Amino acid sequence: MSNAQIEIQLIASLVAVACAIPGTFLVLRKMAMISDAISHSILPGIVIGFFMTQDLNSPLLILLAAVTGIVTVVLVEYIQKTGLVKEDTAIGLVFPALFSIGVILIAKNANDIHLDVDAVLLGELAFAPFDRLLIAGADVGPKSLWIIGCILLITIGLLLAFFKEVKISTFDTGLAASLGFSPAIIHYGLMTVSSVTTVGAFDAVGAILVVALMIAPAATAYLLTNNLKRMLIYAICFGVFCAISGYWFAHWLDASIAGSITTMLGFIFLLVYLFAPNKGVIAVLYREKQQRTEVSLLTFLLHLRNHNEEEERHVNHLNEHINWQKVRSKTVLELALKNNMILIDNNIVSLTKKGKDFTSQAIDYIITNEDSKIEHMKDDFFLFRG
């Protein structure tokens with residue numbers, strides 16, 4: 001493996017970590033699309049900064065881009081607060097307007113330099129190792145590596161210093177305000193970090209991959225845990241894994257590195273979306289099926305409680321009168337027997353003492369309609385367990 005390959009993977013990994021941290025909070029705050037808006041609308045700030053300095057490496061570009069990102073958020077919130085349109089509509093109005101201004105400025109005044117629309121939108125990690133940083137004539141590595149590395153260190157420092165404040169304001173702005181934290185300052189601070197991170201990653205990976213690395217790892221982690229610290233760790237791990245595996249996938253296909261990393265992010269999210277233990281599609285479908293069976297069992301037990309006639313308690317009654325299919329009837333009977341709720345004698349079904357106690361509590365639950373009671377009933381009677 002060559003030095004260039006190592007540097008590309010290292011840059012991609014650092015970008016993934018730097019994006020995952022603010023991205024996690026954006027996902028939790030339900031502001032995922034803001035990252036897309038920021039990643040496009042900061043273009044005018046970059047262009048204006050270049051016009052002022054005539055230097056693509058000037059820190060002023062990052063500063064002005066961050067300011068433009070904050071302006072984007074302010075405009076979106078202002079339009080939203082009018083009550084005339086929703087947040088997604090406000091985002092759709094603001095960022096195309098700002099981005100189009102940047103595109104026009106580039107097309108008219110910057111066509112002869114590296115700052116072009118294709119480079120801004122797509123980026124190219126393969127070229128990152130060729131743009132070197134020289135200090136006193138000594139080559140100290142790719143510029144992108146140092147830029148994103150510095151941004152990452154600042155982001156981690158801010159996270160460690162203000163973790164409690166960001167956490168509280170993310171989940172409960174009212175509590176944050178009552179404790180003396182300013183939700184507005186924390187909010188705009190997060191937007192600033194997101195803007196600066198986006199700008200730092202622009203030249204290396206482009207806007208599209210920045211958005212993918214901010215949102216996809218965090219969204220994937222969100223499906224696996226409700227713990228903020230774990231979510232941050234999972235998001236970072238997913239981002240780094242997809243950055244490295246995406247690079248080798250691109251190497252194998254001889255395709256775009258940014259596109260391959262984004263594809264890996266989508267693939268990993270799909271796997272977790274389908275197979276996550278609690279929030280995955282398969283787990284949700286299984287729980288819904290189990291809940292339907294639980295309701296059927298409760299209906300059957302209450303039916304037995306209310307009828308003493310043998311014809312009403314005959315096994316075939318499930319099919320003939322309750323109007324259940326044979327498969328469903330068999331499932332309910334097996335579950336009731338498994339939990340020692342019924343006895344079957346000559347195809348006549350009777351409630352056991354446990355079954356009678358359970359139905360008595362079930363009637364109380366139906367009358368009071370207290371959701372917490374049904375879970376206690378399951379625990380008390382070991383119901384619906386394997």
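Trainee: Which residues make the nonpolar surface patch of about 380 Å²?
Mentor: That patch is made by Met-1, Ile-6, Ile-244 and Trp-248. Keep in mind that this is a predicted model.

Trainee: Where is Met-1 placed?
Mentor: Met-1 is in the segment before H1.

Trainee: Buried or exposed, that Met-1?
Mentor: Met-1 is exposed, because its relative accessible area is 62% and the cut-off for exposed is over 50%.

Trainee: And what about Trp-248, how does it count by relative accessibility?
Mentor: Trp-248 has 34% relative accessibility, so it counts as partly exposed.

Trainee: Which residue does Trp-248 form an aromatic pair with?
Mentor: The partner is Tyr-247, and the pair is edge-to-face. The ring centres are 5.1 Å apart, with 75° between the planes. Tyr-247 is at 6% relative accessibility, so it counts as buried.

Trainee: How many aromatic pairs are there by this rule?
Mentor: The count comes to three. One of the aromatic pairs is Phe-269 with Tyr-273.

Trainee: Stacked or edge-to-face, the rings of Phe-269 and Tyr-273?
Mentor: The planes of Phe-269 and Tyr-273 are at 20°, so this pair is stacked, with the centres 5.8 Å apart. The cut-off for stacked is planes under 30 degrees apart.

Trainee: How far apart are Phe-269 and Tyr-273 in helix H11?
Mentor: Phe-269 and Tyr-273 are four residues apart, which means they are separated by about one helical turn. Phe-269 is partly exposed at 29% relative accessibility, and Tyr-273 is partly exposed too, at 38%.

Trainee: New topic, the inside. How many residues has the largest nonpolar core?
Mentor: The largest nonpolar core has 78 residues, and Leu-125 and Leu-209 have the most contacts inside it.

Trainee: Which helices supply at least two residues of this core?
Mentor: Helices H1, H2, H4, H5, H7, H9, H10 and H11 each do. H9 gives the largest share of this core, 19 residues.

Trainee: What does Leu-125 touch, not counting residues up to four places away in sequence?
Mentor: Leu-125 touches Ile-8, Ile-11, Ala-12, Ala-204, Val-205, Leu-209, Ile-257 and Ile-261.

Trainee: Is Thr-170 one of the buried or exposed ones, and what does it touch?
Mentor: Thr-170 counts as buried because its relative accessibility is 12%, and the cut-off for buried is under 20%. Not counting residues up to four places away in sequence, Thr-170 touches Phe-25, Leu-28 and Arg-29.

Trainee: Last topic, backbone angles. Which residue has a positive phi of about 60° although it is not a glycine?
Mentor: That is Lys-30, found in the loop between H1 and H2. Lys-30 is at 72% relative accessibility, so it counts as exposed.

Trainee: Which other residue than glycine has a positive phi, near 55°?
Mentor: Asp-254 does, and Asp-254 is found in the loop between H10 and H11. At 71% relative accessibility, Asp-254 counts as exposed.

Technical notes. Residues numbered from 1 in each chain as written. Predicted model: local features only at pLDDT ≥ 70, side-chain atom pairs only at ≥ 80, totals over all residues. Heavy atoms only, no water. Buried < 20%, exposed > 50% of the residue type's maximum accessible area, 1.4 Å probe, protein only. Contact = heavy atoms within 4.5 Å. Core = buried A, V, L, I, M, F, W, Y, C linked by side-chain atoms within 4.5 Å. Patch = residues over 30% accessible without salt bridge, like charges linked within 9 Å, V, L, I, M, F, W, Y side chains within 5 Å. Areas by Shrake-Rupley, 256 points an atom, 1.4 Å probe, with all protein chains shown as cover. Salt bridge = Lys/Arg side-chain N within 4 Å of Asp/Glu carboxyl O. Phe/Tyr/Trp six-rings, centres within 6.5 Å; stacked < 30°, edge-to-face > 60°.
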